[in-house]
Amino acid sequence: MRRIIAVVMAVSLLAALGLWLLPAQAQQPAAPPTWKQGQPSSLADSTLAPIPQPPAPMKAGDIPVDKLKAPPGFKVELWAAEINNARAMTWGDKGTLFVSSRVAGNVYAVVDKGGSREVKVIAKGLNLPNGVAFKDGTLYIAEISRISKMEGIEDKLDSPPQMVTVYDTLPKDLPHGWKYLAFGPDGKLYFNIGAPCNICLPPDTHANISRVGTDGTGFEYWAHGVRNSVGFDWHPVTKELYFSMHARDWLGNDSPSDRLDYAPKKGMHFGFPFCHQGDTLDPELGKGKHCNDYVKPILKTGPHVAGNGVMFYTGAMFPAEYKNRILLAQRGSWNRNEKTGYRVMMVTLSGNGKVAKYEPFVQGWLQGQEIWGRPVYTTQMKDGSVLISDDYAGAIYRVSYSK
Amino acid sequence: MPCAACHGPDGNATIPGTPSLAGQPTFFTHWQLIKFRDGRRKDEQMSPFAANLTDDDMGDLAAFYAAQTPRPRASAADPARAAAGRELTLRHHCASCHMPKLQGQKQVARLAGQDLTYLLKLLRGFKAQTASDLDGTMTMAAQPLTAEEIENLAHYIAGLTD
């Protein structure tokens with residue numbers, strides 16, 4: 001928390017630089033809340049604000065799953081419900097689905113009982129535990145400033161073992177401090193350390209994707225200039241990293257675009273906070289900078305769409321052309337007058353880091369300007385069907401295909 | 001439910017240090033109950049009560065209190081402090097989440113007319129980084145406040161009426 005303060009002070013100082021020369025008696029305004037930071041005076045009357053997370057999930061019977069539309073031949077059904085704030089998903093070796101949450105503070109185990117699913121809370125009261133990853137019988141959980149593990153959890157779902165810290169030398173900032181967590185092809189845990197602000201010059205320790213070994217050693221930064229990425233995956237063939245990134249707010253309805261990025265090697269810089277969407281300098285922090293000095297997105301996914309989960313499809317159930325396509329779950333906008341996102345998109349690559357096609361896969365959470373759900377992550381089932389988590393309705397849907 | 005003993009039959013408490021719940025937004029009360037139950041927010045009185053609440057209980061309680069009409073507390077507000085506190089609410093952007101009359105919204109607490117002792121306790125807790133906070137916003141907001149400013153803010157807020 002001390003670190004939050006240092007950063008907030010630094011941010012407010014930056015914002016106030018222009019006020020240095022005012023008479024001493026003038027009171028400087030304090031830093032606004034993070035979500036409002038960077039709002040220009042021309043938008044001071046805007047009523048846009050982040051969409052609050054409901055405290056309770058929707059009842060299974062109230063979920064309008066029939067509104068979800070997928071391409072011909074695909075079926076979308078409700079797979080599990082009443083999982084408050086359901087977000088990231090990872091499979092245990094024995095078929096348990098582990099599900100994270102953010103503000104609900106819970107980690108869940110979902111046990112498939114054939115026709116129905118049983119949901120158990122295996123950890124509660126955690127600090128925004130968005131990241132879950134599983135390997136060799138052990139569940140890893142990422143909170144704001146701690147990665148911990150539960151060994152042998154699948155045999156102890158009703159009396160979960162103590163969480164043992166793996167790595168906690170991490171910033172304590174809450175803004176963009178929640179983590180996506182996944183195992184890379186090198187067997188290391190990858191996670192994001194987001195910028196602690198909407199827009200600011202972040203400390204060197206922030207705005208990156210990092211990795212560390214499961215024994216807590218070998219920490220290093222993998223990608224820089226990443227405002228916040230809460231979704232990534234590795235190409236099934238090339239084993240190279242692809243990730244989603246949320247762009248800054250308060251630059252208008254249609255700019256800047258969120259992005260899909262490609263980081264085949266360590267040490268690349270993706271532009272934040274100087275250059276947005278690969279070609280647009282930040283009005284303040286971009287002064288004197290050049291967008292060509294930074295890595296450009298492989299795809300502009302659209303302004304404010306909030307791309308979260310990134311997953312390569314590798315299953316055998318969907319038609320052959322779906323293999324190695326990226327499913328990108330977009331949680332949807334708040335900082336835009338007309339809502340956008342709230343859908344799962346599909347990206348077809350034509351080569352390493354090259355996009356051939358970008359099209360909707362599942363949509364319908366947004367009806368007119370009303371939302372009833374927010375898709376956050378996807379995961380694949382053994383049979384090749386795909387699960388989609390929805391943190392707003394607290395539900396998981398299954399997408400299957402038959403000819 | 002034993003809630004009324006401390007919070008009043010209609011959510012308007014009279015015991016100094018105990019918050020009024022009348023008029024609190026449903027999301028706010030519901031989230032606080034969740035945090036008492038899972039241990040993120042701790043209180044000698046509240047933690048044991050919340051431990052046995054079901055999700056539906058929490059939703060019903062939150063809806064009940066949101067429907068009650070809030071009345072200002074009897075806690076006396078010092079006019080000089082309140083005047084200074086008003087300026088502070090502007091400088092510290094309180095209305096951007098708590099709304100212009102500090103009446104709260106969604107997951108954000110109603111503050112107007114709340115008990116003075118309770119407001120002081122909470123603000124001091126946020127400043128000390130010991131108060132439970134859903135997303136860190138209040139902890140950050142309280143950091144620049146001096147002890148004197150916290151007093152002034154609390155007096156202004158406690159004296160607000162719709």
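Which residues in α7(B) meet which residues in α9(B)? The views below take up this contact together with its surroundings. This is a predicted model, in which local features need pLDDT of at least 70 and side-chain atom pairs count only at pLDDT 80 or more, while totals for chains, interfaces and linings use all residues. Residues are numbered from 1 along each chain as its sequence is written, and chains are lettered from A and ligands numbered from 1 in the order in which they are written.

**View 1. The contact of helices α7 and α9 in chain B.** B:Leu116, B:Leu119, B:Leu120, B:Leu123, B:Arg124 and B:Lys127 in α7(B) meet B:Ile150, B:Leu153, B:Ala154, B:His155, B:Ile157 and B:Ala158 in α9(B), where contact requires C-beta atoms, placed from the backbone, to lie within 7 Å. By class, this contact has 9 nonpolar, 1 polar and 2 charged residues (nonpolar: Ala, Val, Leu, Ile, Met, Phe, Trp, Tyr, Cys and Pro; charged: Asp, Glu, Lys and Arg; polar: the others, Gly among them). Helix α7 covers residues 116-127 and helix α9 residues 147-158, and the two pack at an angle of about 140° with their axes 9 Å apart; axes are lines fitted to C-alpha atoms, for helices over the stretch in contact, and angles run from 0 to 180 degrees between N-to-C directions. The pair is therefore oblique, given that angles under 35 degrees count as roughly parallel, over 145 as roughly antiparallel, 65 to 115 as roughly perpendicular and the rest as oblique.

**View 2. The contact of helices α5 and α9 in chain B.** The axes of α5(B), residues 79-91, and α9(B) come within 7 Å and cross at roughly 100°, and the two helices are therefore roughly perpendicular to each other. From α5(B) the contact includes B:Arg81, B:Gly85 and B:Leu88, and from α9(B) it includes B:Glu149, B:Asn152 and B:Tyr156. The residues of this contact divide into 6 nonpolar, 4 polar and 4 charged.

**View 3. The side of chain B that touches chain A.** Here 26 residues of chain B are in contact with 21 residues of chain A. Helices α2 (26-38), α4 (55-67), α6 (94-98) and α8 (137-142) of chain B each supply at least two residues of this side, and α2(B) gives the most, with 5 residues. By class, the residues on this side of chain B divide into 8 nonpolar, 12 polar and 6 charged.

View 4. A:Val99 counts as buried because it has 27 C-beta neighbours inside 10 Å; a residue is buried if 20 or more other C-beta atoms, placed from the backbone, lie within 10 Å of its own, exposed if 12 or fewer, and partly exposed in between. Leaving aside neighbours within four places in sequence, the contacts of A:Val99 are A:Ile83, A:Ala86, A:Met89, A:Tyr108, A:Val110 and A:Ser389. A:Ala109 is 10 residues from A:Val99 in sequence and 6.3 Å away in space, C-alpha to C-alpha.

Terms used:
Two residues are in contact if their C-beta atoms, placed from the backbone, lie within 7 Å. Helices (H or I, at least four residues) and strands (E, at least two) are DSSP runs, numbered from the N terminus.
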